[in-house]
Amino acid sequence: MHDNSITLMRAFINRYLRRDVVLKIADVGSFDVNGTYRSYFDAPGGSYTGFDIRPGNNVDVVLAGPEFWNTPPEHLEAYDVVVSGQVMEHVRRPWRWIRDVASLCRPGGLIWISAPNSDQFHEHPIDCFRYWPDGMRAVAGEAALEELSCMQNGPDTTGVFRKPEKSVV
C-alpha cells in the first residue's frame, strides 16, 4: 500500500459512495502490506470483508487460488462495492481474475480497481503486468463491466466500473 493508493481510494469514496447508505464491501487482495482500506469503510451497519489467497492480517476469507476461486456461494453477488488496490499487477491471468472479482459484486454494484502503470518490479508473490487505461478497460470488458471512469493517476491507473443489472457474460 502506498500513499497514492490511499489518495485514490479516498477520491473514489468521496465521488461515488454516499456515507448515509449502508454498504457491504469486499476487498480483493486485502492482506495487510503496509496498510489496508478497512478503516475507510467503517460505517454503522455496514460490513467489510477482506479476501486474499493466503491467510493473514486483514484477511477474512482465504480464496482457493489466484485466478480460479470457485467463489463460495454465500459470497456470490453479495457485495455492493468490490475494491481491489495494487493487486491486479500480481495476477497471471487478469482476464480470468476479473470474472471472479465481478462474481462478488451484486448486479448494479460498483467495482474499483487500482494498479500501477509504472514503478519498480515487486514480487508479492509474482509481478506480471503494468496497466494503462486501455489495458484496464480491456480486462474489465472480459466481465462485461460498464466503465464509469478509467484514468491514469500518477504512477497508478484507476478504474471504476458498474456490474450490469443483467449478466451478459
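I count two residues as in contact when they have heavy atoms within 4.5 Å of each other. The model I am working from is predicted.

**Entry: helix 2**

I started with helix 2 and asked how much of it is covered. Helix 2 is mostly covered, with eight of its 11 residues buried. I listed the buried ones: Pro94, Trp97, Ile98, Asp100, Val101, Ala102, Ser103 and Leu104. Next I looked up what lies over them. The cover includes strand 1, strand 2, strand 4, strand 5 and helix 3.

**Entry: helix 3**

Helix 3 spans residues 133-141, and I found Pro133, Met136, Val139 and Ala140 buried there. These residues lie on the same side of helix 3, because they cover an arc of only 125° around the axis. I noted the background for this. An α-helix has 3.6 residues a turn, so residues three or four places apart point the same way. Then I checked the packing partners. The buried residues of helix 3 pack against helix 2 (94-104) and against strand 5 (105-116), strand 6 (146-153) and strand 7 (156-162).

**Entry: aspartate 127**

I looked for aspartate 127 and found it in the loop between strand 5 and helix 3. Is aspartate 127 buried or exposed? I take under 20% relative accessible area as buried. Aspartate 127 has 14%, so it is buried. Its side chain makes a polar contact of 2.7 Å with the side chain of arginine 130. I then left out residues up to four places away in sequence and looked at what else aspartate 127 touches. The list is Glu89, His90, Gln120, Phe121 and His122.

**Entry: largest pocket**

I looked up the volume of the largest pocket and got about 740 Å³. I counted 35 lining residues. Which of them lie nearest the centre of the pocket? They are Val33, Gln86, Val87, His90 and His124. His90 is also on the contact list of aspartate 127.

**Entry: largest cavity**

I searched for cavities of 30 Å³ or more and found one. The largest cavity holds about 120 Å³ of space. I wrote down its lining: Ile13, Leu17, Arg18, Arg19, Val21, Val22, Leu23, Ile25, Tyr40, Phe41, Ala43 and Gly46. Nine of these residues are nonpolar, one is polar and two are charged.

**Entry: positive phi angles**

I checked asparagine 34 and read a phi near 65°, which is positive in a residue other than glycine. Asparagine 34 sits in the loop between strand 1 (24-28) and strand 2 (47-52). With a relative accessible area of 67%, asparagine 34 is exposed.

Glutamate 77 is not a glycine either, and its phi is positive at about 50°. I placed glutamate 77 in the loop between strand 3 (61-62) and strand 4 (79-85). Glutamate 77 has 41% relative accessibility and counts as partly exposed.

**Entry: leucine 76**

I found leucine 76 in the loop between strand 3 and strand 4. Leucine 76 is partly exposed, at 42% relative accessible area. What does leucine 76 contact, leaving aside its neighbours within four places in sequence? I found Thr71 and Ser103. Ser103 is one of the buried residues of helix 2. The C-alpha atoms of leucine 76 and methionine 151 are separated by 28 Å, and the two residues are 75 residues apart along the chain.

Key. Residues numbered from 1 in each chain as written. Predicted model: local features only at pLDDT ≥ 70, side-chain atom pairs only at ≥ 80, totals over all residues. Heavy atoms only, no water. Buried < 20%, exposed > 50% of the residue type's maximum accessible area, 1.4 Å probe, protein only. Helix = DSSP H or I, 4+ residues; strand = E, 2+ residues; numbered from the N terminus. Arc of directions from axis to C-beta. 1 Å grid on protein atoms, 1.4 Å probe; cavity = no way out; pocket = protein on both sides within 12 Å on 5 of 7 lines; lining within 4 Å. Points joined across faces, edges and corners; volume = space filled by probe spheres on them. Polar contact = N/O pair within 3.5 Å; in protein donor to acceptor, adjacent residues only side chain to side chain. Nonpolar A, V, L, I, M, F, W, Y, C, P; charged D, E, K, R; others polar.
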